[in-house]
Structures are given as structure tokens and as C-alpha cells.
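Here's a quick briefing to read alongside the model. Have the sequence and the 3D view open before you start.

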Amino acid sequence: MNKHQRGELNLVSVAIVSAVVAAVAMAAIWSMRHERNLFAEGVAAVTGTAPARQAAAVIDAARQTVAGTPSGAMRKCVIDGKTVISNTDCLDTNKTSKTIRITDTRGFEAPKVPAKEAAAPTSDPAIDKIIEKQLR
């Protein structure tokens, strides 16, 4: 009678598969947090294709536009009854078009609590001295 497990799955292979799945999940979460796609970058690096370079060029162009470079000022206008913010769709010929300034903010912040004033003493110090004398 054989006391060892037979079959394709054993404890070591399950541990290895679990570690690989955890590593892939960690890489995905890290790439989401830093707004990057590590999987696409890895495929581009392995295959030697240029989508990563093209995507980097598009991202750099968008950053320059948002930063307020004169070549691509952001504008706000109404097109077909909808408010649109764009640097290409809102032309100078549109009467509702206005140039807007985009600023980076910190997002939502908790309201600041005003500083508490020094609390008034809860009892009179002269009365406290009299009580201490009585207790002796």
C-alpha cells in the first residue's frame, strides 16, 4: 500500500501556482496605482514593438496641453447642447467658446477643525485648598 499522494496536484505545485498568481495580482495592483500598464509595457519590450513609445508620446502631448502650453489651450464650449472641454473641438468660431485655465488640486480634503480654546478651570483653586486642608 502506497502512503504518498498520487496524481498531478501536490502541495509543492499548488504553492508554486499560488505564488505566481499572487505575483501577477501584485503587479496588476501596483500598475493600477501608478497609472501604468506593466503588462503592455512588458509585451512591447519583449516583442520590440513601438506602441509603448507611441503611447508615451501621446501622454507627453496631453501633459503639455494640460500644463497650459500656448499651442493647445483648453477651451470650454457648448456643442449640440452639451458642455465640452477640449483643445480641438472648441474652435474660435463657436460663440460659446471660452479659454479655461486648468490647475492641479489636492482633491477632496477633510474640513479643518478649529482649534479649541483653553478650557476654564472646573473649580475654584481657593475652594480646592480649603478642601485639602479639611482632608488632612
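Which residue in S3 stands opposite arginine 75? That would be threonine 99. Bear in mind that this is a predicted model, where local features need pLDDT of at least 70, side-chain atom pairs count only at pLDDT 80 or more, and totals for chains, interfaces and linings use all residues. Residues are numbered from 1 along each chain as its sequence is written, and side-chain values use heavy atoms, with hydrogens and water left out.

**Overall layout**
- The protein has 4 helices and 3 strands, taken as DSSP runs numbered from the N terminus (helices: H or I, at least four residues; strands: E, at least two).
- Along the sequence, the pattern reads α-α-α-β-β-β-α.

**Strands**
- Strand S1 (residues 75–79) and strand S2 (residues 82–86) run antiparallel, joined by 5 bridges; strands count as paired if DSSP finds at least two bridges between them.
- Valine 78 has threonine 83 in S2 as its bridge partner.
- S1 and S2 make a hairpin with 2 residues between them, and aspartate 80 in the turn has a positive phi of about 55°.
- S1 also pairs with strand S3 (residues 98–99), again in the antiparallel sense, over 2 bridges.

**Largest pocket**
- The largest pocket has a volume of about 320 Å³. A pocket here is an open set of points on a 1 Å grid over the protein atoms alone where a 1.4 Å probe fits, with protein on both sides within 12 Å along at least five of seven lines; the volume is the space filled by probe spheres set on the points.
- The lining takes in 12 residues, with Glu35, Arg36, Asn37, Glu41 and Ile59 nearest the centre; a lining residue has an atom within 4 Å of a point.
- Helix H2 (38–47) and helix H3 (51–67) are the elements that give two or more residues to this lining, and H3 supplies the largest share, 6 residues.

- Among contacts (heavy atoms within 4.5 Å) between residues at least 6 apart in sequence, 16% join residues at least 24 apart.
- The protein exposes about 12700 Å² (Shrake-Rupley method, 1.4 Å probe), and carbon and sulfur atoms supply 61% of that area.
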